Amino acid sequence: MPYLGSEDAVRELRRALSNPNVQSDQLRYRNTVLKAIRAMSQGVDVSDLFSEMVKACATVDIVQKKLVYVFLCSYATLNPELSLLVINTLRKDCQDPNPMVRSLALRNMTNLRLPSLVEYVEQPLAAGLRDRAACVRRVAVLGWAKLHNLQPDAEIDAAVVNELYGLLRDPDPVVMVNCLRALEEILKKEGGVAINKPITHHLLNRLKESDVWGQCEVLRILQRYHPQSEDELFDILSLLDASLVSPHPPVMAATLGLFLGLCSGLPAVSLAALERVRGPLLAACGSTSRETRFTALCHIQLLLRSLPGLMGAHYKRFFCGYAEPAYIKQRKMQVLVELVNDENVAMLLDELKGYCTDVNPETAQAAISAIGRIGRSYSDRCLEILTGLLGLKQEHITSAVVQTMCDLVWVCPQCSDTVCSALEGCEEMLQDSQGRQALLWLLAAYGERVSSAPYTLEGFIDRVRSEASLGVKMELLTTTMRLFLCRPSETQDMLGRLLHYCIEEEMDMCVRDQALLYYRLLHCGIEETHKVLHGQRSDPSLGVLIGRPAEPINQWAYSFNTLEPLRQAGVETEPASRGSPEHVTFDPKPNTDLSDTLNCSQIEKVNLAGSDGASGFTCSSAKVLAPLSLSLSPALSPEEFEHLWMQRHAEQGAEKLEEEEEDYVCLEERIQFPAIPPCSPQSLQAAMQLVNIQTLAFTPPHTLPWRVYLYTHTHHAHYGSTLVIGELLYIGEASRRVAAVKKGMEDGDVVEGEQEAGLSGRALVRKDGREEEVEVTLKQQPRDDNALKGFLSILTTVLHTLSSESS
């Protein structure tokens, strides 16, 4: 036989199909058709055999019919005229006594996808909807959707739509699900299939009859239905209860998505549903399918945004297996970071330490990054592991450790001494640009503490001509300038050489312009240079930056069981809000129910000290002016908070009166306490979140001055929504007395005076120390005086509650 891909092979097949002797032998004829199909599947163009295959479809052999129909559907668009010859045979087969032949003919009649054949197909499809065989009705229902795709602009036949709605009550569950899919396609412009109470209850009652994908389709469409009463809602939830713990992950996910949609106004029911799906989700994480495991991990991270402790007791289920792919290992490590607490931190760090030497560099770097994120709360333990990894002298590990240390000292400045001592000799192992940039940033920030910093920089400057990374060159310029300001005698010569090269020889304009900026800045004097390069930054007294708060479920419920969690696979979310264990001073009493004490709707009057703050009104007796509610949405990042706070502070320094701004208000108050309120980060965060106040940053407890930065959104029925950002400041009695002595003030029983105290500006000094005061500075935009008074009352109640607990 000629070569398979040649024209001779196609001619040979044509002769065989046209040979009367072959046609008379049913087995030989079928085998010849099979050879043509095999050649087509291997990429050979056998479209020239179309007329012979049209003749071959006129047979009683079902196997041969299937083979011929596959060929005809593949090449019908290339031979639209010859395809008309097939219609008569297909229409005749639609009346065959065998239901398999009827369904096969209907399916392939619509699969020809030729608009010119629509008029011949409509009558058989209409008859197929009333066929006594379920397999024919299944095909006919989907056939109408295919016809609609061929002519999307054609008018929709109302009779067909009504008949499809009627088939939703078909005894065959597949026909019912196919009707939903067809109506979704046909009525797409009208919003899809209409879901009312009778249809909803019918679909729910027959849900268990469908297969896995049929149940998923039904549950997806039912998300449009809104129950008319609370009783109906709970009846629906009862019907869905068994599907919520289904052993099939797609059904479980679709059911939970419907649960979250129906219970958007019932957070307690949503939380109970999330608790129930913990078992099925953990089972999906152990699936043999890698895709299922990855999807389950992504959705678990979505759930942890609202329930950080949901999987806390099952953290071992997220340990990485040796043979797992890198993308699953990295996702598991991100989940492990979310589950860290005081009880399991030692075991989790040991596990992550083992991953740091993985043969896959990406997995090893992800493990090091995970340790760094845990280090924001458990800095001492994590720094010990990171410094130990530097001793391995491996390029990718050293680079990842230096980058992690760079991120860690930014949020935990107390780690800087350990990091500075670990930097010695790291430059020899850094080959990638990200690692070198991180090292240079650390030298710029803490170069005065690293003894070998000038020698390290000298090596970088000597190799600057061969440096390919633009980022490294720009970072090198900044680092050399900042090191020159603190160690001028050791850095002056190399700074001159670097500036000369960057200005005279460097071809990149960004590097050259930055070098010119620094050169001209030096001409302005050292003091001016120091002011620019060491300008105002974040408050150095701040401790651990708090991560994102526990989000309301309705913020992410819409994306559950969609591709959205998978699209965020490469984005590492911040860990749940946790304070460093070194900062814990006490635990709340187990029998105390803060939620009863901190009820936003019933805030008692709180007596405050008088103040003549910048807001222009006094809150000596503030109470909530109902209706007022607080919300954490939209979330405010630490960077956005700092920008807003410092922007307004700069305006105050420019002597802009806040009273003159109609859209902005600043309030300063002093709140008296019988006991000092600074407490553990966990207690503070938990108490604030009960009333929807988010703490963004704070200093360690019993550190003076003690600061807390917070924000919330107030929602007032008459004035709308406003953003409130604030600071709590306690500077301590001893600090106030020292300030008073410096000002030449006498130590009396009660001495009041103005003093510079952080951002709020005033403090009250008392000799007896029995009454302590925390200064509260609130800034609001847009202005709503009543809402601000209400928020201050809520905040005061929270602080008094914490004060009573600590005492």
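Among contacts in the protein between residues at least 6 apart in sequence, what percentage join residues at least 24 apart? In this predicted model, the share of such contacts that join residues at least 24 apart is 71%. The protein has 807 residues, of which 51% are buried. Its secondary structure consists of 36 helices and ten strands. The accessible surface amounts to about 37700 Å², and carbon and sulfur atoms account for 51% of that area.

The largest nonpolar core comprises 190 residues, and Phe71, Leu72 and Phe318 have the most contacts inside it. Once neighbours within four places in sequence are set aside, the contacts of Phe71 are with Ile37, Met40, Val46, Leu49, Phe50 and Met53.

A disulfide is a covalent bond between the sulfur atoms of two cysteines. With a cut-off of 2.5 Å between cysteine sulfur atoms, the count is zero. Cys57 counts as buried because its relative accessibility is 0%, and Cys502, at 2%, likewise counts as buried.

Helix 21 spans residues 361–374 and has 14 residues. From its first C-alpha to its last it reaches 20 Å, close to the 20 Å expected at 1.5 Å a residue. At the start of this helix, the backbone nitrogen of Glu362 lies within 3.0 Å of a side-chain oxygen of Asn360. Helix 21 is mostly covered, with ten of its 14 residues buried. The buried set includes Ala364, Ile368, Ile371 and Ile374, as well as Arg373. Against the buried residues of helix 21 pack helix 19 (326–338), helix 20 (345–355), helix 22 (379–390) and helix 23 (395–411).

Backbone geometry was examined next. Most residues other than glycine have a negative phi, and most peptide bonds are trans. Lys393, in the loop between helix 22 and helix 23, has a positive phi near 60 degrees. This lysine, Lys393, counts as exposed because its relative accessibility is 51%, the threshold for that class being over 50%. Asn561 also has a positive phi, near 60 degrees, and is found in the loop between helix 30 (526–533) and helix 31 (564–567). With a relative accessible area of 37%, Asn561 is partly exposed. The peptide bond joining Gln781 and Pro782 is cis, with omega about -5 degrees. Pro782 belongs to the loop between strand 10 (772–781) and helix 36 (785–806).

How values were computed: Residues numbered from 1 in each chain as written. Predicted model: local features only at pLDDT ≥ 70, side-chain atom pairs only at ≥ 80, totals over all residues. Heavy atoms only, no water. Core = buried A, V, L, I, M, F, W, Y, C linked by side-chain atoms within 4.5 Å. Buried < 20%, exposed > 50% of the residue type's maximum accessible area, 1.4 Å probe, protein only. Contact = heavy atoms within 4.5 Å. Helix = DSSP H or I, 4+ residues; strand = E, 2+ residues; numbered from the N terminus. Areas by Shrake-Rupley, 256 points an atom, 1.4 Å probe, with all protein chains shown as cover. Expected span 1.5 Å × (residues − 1). Polar contact = N/O pair within 3.5 Å; in protein donor to acceptor, adjacent residues only side chain to side chain.
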